[in-house]
Amino acid sequence: MNFSNITWLDEKGHIKPPIFLYLMLIFIARGWCIFAASLTQASDRAALVALFYPQKSDFIMALVAGVGAVLIYVLVIAERKRSPLWLRPMFNQLKWMLLLLLLVDGALLVERTINAYYLYSWSTGLDALFLFWSFIYLFQSKRLNHYFSDWKNEEEYEDAVKPDNLESKVGNKGG
C-alpha cells in the first residue's frame, strides 16, 4: 500500500495545490514578479527590469501574458476557500487556461529568440526548458489532475446528499 497520497490532502480533506502549480504560475507571471521587485529599488527601478528584459516591448508582452497567471492564482485562492461558488465553472477549465497561457508564453519565447537573431542565451534556454517541463507536468501529473477535479467532485457530492434528492431516492425504493 502506498500512503504517500495522504500528504496531498489538507485538514478538510481537500487536495492541496501542488507546489509545481505555484512555480508554473510564477514562471508565467514572471514579468509581474520582476515589476514588483523593481518597485522595491528606490534608486533605479528600470535597471532591474532592463536586466531581465532588455527590450521594453518584451517586458510589456510579459506583463500582458502574466495577467492570466494572476487570474489563475486568484482562482486557486478561491478554490482553497471554496467560495465564491460562481467561480467553480472557471476552475473546472483551469487545465485548458494553463495550456493556453503556456502556449502564449511559448510564442513569446519564439519571438524573443527571433528578435535576438537566434543567438543562444541562458535565459532563453532556461525558459524553454521550464516551458517544456510545464507542458509535460500539465498532462502527466496525477496530483494536478486530481486537484483540478476536486472542486467538481465536491459539487457532485453536495448534489447527491441534498435532502430533496435523498427523499426522492428513498421514496423510489419504497414504492
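In which helix does Ser134 lie? Ser134 lies in helix H7, which spans residues 122–140, where helices (H or I, at least four residues) are DSSP runs numbered from the N terminus. The model shown in these views is predicted, so that local features need pLDDT of at least 70 and side-chain atom pairs count only at pLDDT 80 or more, while totals for chains, interfaces and linings use all residues. Residues are numbered from 1 along each chain as its sequence is written, and side-chain values use heavy atoms, with hydrogens and water left out.

**View 1. Ser134 and the residues that it touches.** Ser134 has a relative accessibility of 0% and therefore counts as buried, a word that here means under 20% relative accessible area, with a 1.4 Å probe and protein chains only. When residues up to four places away in sequence are not counted, Ser134 touches Phe20, Met24 and Leu102, a contact being heavy atoms within 4.5 Å.

**View 2. The salt bridge between Asp105 and Arg30.** The side chains of Asp105 and Arg30 meet at 3.4 Å, N to O, and such a salt bridge is defined as a side-chain nitrogen of Lys or Arg within 4 Å of a carboxyl oxygen of Asp or Glu. Because Asp105 lies in helix H6 (residues 94–115) and Arg30 in helix H2 (residues 30–38), the pair ties together parts that are 75 residues apart in sequence. Asp105 is buried, with a relative accessible area of 5%, and Arg30 is buried as well, with a relative accessible area of 16%.

**View 3. The salt bridge between Arg30 and Asp127.** The side chain of Arg30 also meets that of Asp127 in a salt bridge of 3.6 Å, N to O. Arg30 belongs to helix H2 and Asp127 to helix H7, so this pair ties together parts that are 97 residues apart in sequence. Asp127 is buried, and its relative accessible area is 13%.

**View 4. The salt bridge between Arg112 and Asp127.** Here the side chains of Arg112 and Asp127 meet in a salt bridge at 2.6 Å, N to O. This pair links distant parts of the chain, with Arg112 in helix H6 and Asp127 in helix H7, 15 residues apart. Both Arg112 and Asp127 are buried. Through salt bridges that share partners, Arg30, Asp105, Arg112 and Asp127 are joined into one network, and the count of salt bridges by this rule comes to three.

Notes:
Helix = DSSP H or I, 4+ residues; strand = E, 2+ residues; numbered from the N terminus. Buried < 20%, exposed > 50% of the residue type's maximum accessible area, 1.4 Å probe, protein only.
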